[in-house]
Amino acid sequence: MAGAGGGNSDVQWCFSQVKGAIDDDVAEADIISTVEFNHSGELLATGDKGGRVVIFQQEPESKNQPQCRGEYNVYSTFQSHEPEFDYLKSLEIEEKINKIRWLPQKNAAQFLLSTNDKTIKLWKISERDKRPEGYNLKEEDGRYRDLNTVTTLRVPVFRPMDLMVEASPRRVFSNAHTYHINSISVNSDCETYLSADDLRINLWNLEINDRSFNIVDIKPTNMEELTEVITAAEFHPNQCNTFVYSSSKGTIRLCDMRASALCDQHAKQFEEPEDPNNRSFFSEIISSISDVKFSHSGRYMMTRDYLSVKIWDLNMESRPVETYQVHEYLRSKLCSLYENDCIFDKFECCWNGNDSVVMTGSYNNFFRMFDRGYRQDVTLEASRENSKPRSVLKPRKVSTGGKRKKDEISVDSLDFNKKILHTAWHPLDNIIAVATTNNLYIFQEKLN
Amino acid sequence: MSEEVEGTRTAEEKQEMEDTVISPEKAEEAKLKARYPNLAAKPGGSDLLRKRLQKGVPKYFDSGDYNMAKAKMKNKQLPSAPTEKTEITGGHIPTPQDLPQRKTSIVASKLAG
């Protein structure tokens, strides 16, 4: 079966590039923690556990090779967050970048928000390809000239120089979250953004960093009564008053900021009714939503829980319109997955540009794509073994029954340390970025 | 499955099989309860959530103890730093030599290599 793709069932995926070290001994700092394309797809940002951001830029398509879309090469890299210490609580604050979100481009510079557990930063990435030369008082190397040698007056001019990409922090938004930030989302108004932690959601103005509005607070007066936490939040892609947040109990609440300043009362609550006969110790844990993403159209939203991906129509709260099983074979392994903590892994999910295909990661460096229109799904693998340039990825299969076919892998042979938690889809083209533990794979659609 | 085979199973075995077939989750739950008999009934309860809210182990520090230990060090020969990087907990008062270096991530990301 050919790979699932943008509305066309014949899309095949090819290896394009892989970034990162080959060695198996992975330093903690190199663990990739977030991947995000910007709005044009020209830039691809990654964040890691060491607090660093690396931005790749797509090379323009060369006329010699129209078969290949441009490669992504390093554009800029900087240290976004440093480790800190909370003296009041005697706790370390990790520098790990939890999320990166790009702002839509308004001028020559690019802006992105990056966040760790406690602090959000607005970074400006700008290019410099000219520099002024011909100062009157200074030499080219910066030393001051002997004034006696200055006999004429000249006007400095800009001359071309080698491209320099500079990243500078423009705003630091701190001290607004008692708990750990899990999401940030830029509003379609391009003026505000939200940040969500386990119990609260705050609204910020991008220009103002010394105050923020609390818009959701689910902290109970008595912490003993705590039953759920916020797991993800996102603004609607074109309705600037609407946002959603998901919970550890598997519900999604949609809020309208026009209704009141504090959106504790949801406008809509999306929850799939559960069969009480099937309830087990694990039910609530596996129903916890690890990611929520609006479709580009704004008509649907997608949620990821431990075993499945669900598509919801915003007009229908009672149940999802589509459910896709990511790795149902794990249901009979929940005991060991609880013991090794894998049951708490937070997988993300993403839409393709025209909302026809969704993608999410799994274990053993497998990732899955579900074509909504053609009702097809495919499992692919990100591995160095399939990393010959432009080699087509072969669909993978996990065997669940007793008989294992050739080329299939049995559930017990899956490597649960190789998890693909973060994936991203180019907003316009069939180019995907898939992060394994410490490597970033870029795959492209096979073009003939 | 042939009818002959079905006929040889006992009623209990059949019920167990049905349970497993109906809900692999419940079978897994039974396994977990067998391994950890003291496990609380409600996993989603506030205990699990509160553990989730507090990431990491608090690293307590008493400046009085620290300064006294430093003062004692001045009067004696400095002891050699422990060769293994063990967690400094319990009765041992940390001295500057013992503390693991607070890492500064000046090393470039390997993705940019």
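A:K419 sits in the loop that joins β29 (408-410) and β30 (422-425) of chain A. Strands here are DSSP runs of E, at least two residues, numbered from the N terminus. The model is predicted: local features need pLDDT of at least 70, side-chain atom pairs count only at pLDDT 80 or more, and totals for chains, interfaces and linings use all residues. Residues are numbered from 1 along each chain as its sequence is written, chains are lettered from A and ligands numbered from 1 in the order written, and side-chain values use heavy atoms, without hydrogens and water.

The A:K419 side chain makes a polar contact with the side chain of A:D345 at 2.9 Å (N or O atoms within 3.5 Å, one able to donate a hydrogen and the other to accept it; residues adjacent in sequence count only if both atoms are side-chain atoms). Beyond four places in sequence, its contacts (heavy atoms within 4.5 Å) include A:C342, A:Y363 and A:T436.

Two cavities reach 30 Å³ or more. A cavity is a set of points on a 1 Å grid over the protein atoms alone where a 1.4 Å probe fits but cannot get out; lining residues have an atom within 4 Å of a point.

| Cavity | Volume |
|---|---|
| Largest | about 60 Å³ |

β8 (99-102), β12 (183-186), β16 (230-235) and β20 (291-294) of chain A each give two or more residues to the lining of the largest cavity. The second largest cavity is lined by A:A21, A:D30, A:N438, B:S109, B:K110 and B:L111.

An open antiparallel sheet of four strands runs β2-β3-β4-β5 in chain A. β2 (32-37) and β5 (72-79) of chain A are at the edges with a single partner strand each, so one side of each lacks a neighbour in the sheet.

How values were computed. Two strands pair if DSSP finds at least two bridges between them. On a 1 Å grid over the protein atoms alone, a cavity is a set of points where a 1.4 Å probe fits but cannot get out, and a pocket is an open set with protein on both sides within 12 Å along at least five of seven lines; lining residues have an atom within 4 Å of a point. Grid points are joined across faces, edges and corners, and a volume is the space filled by probe spheres set on the points.
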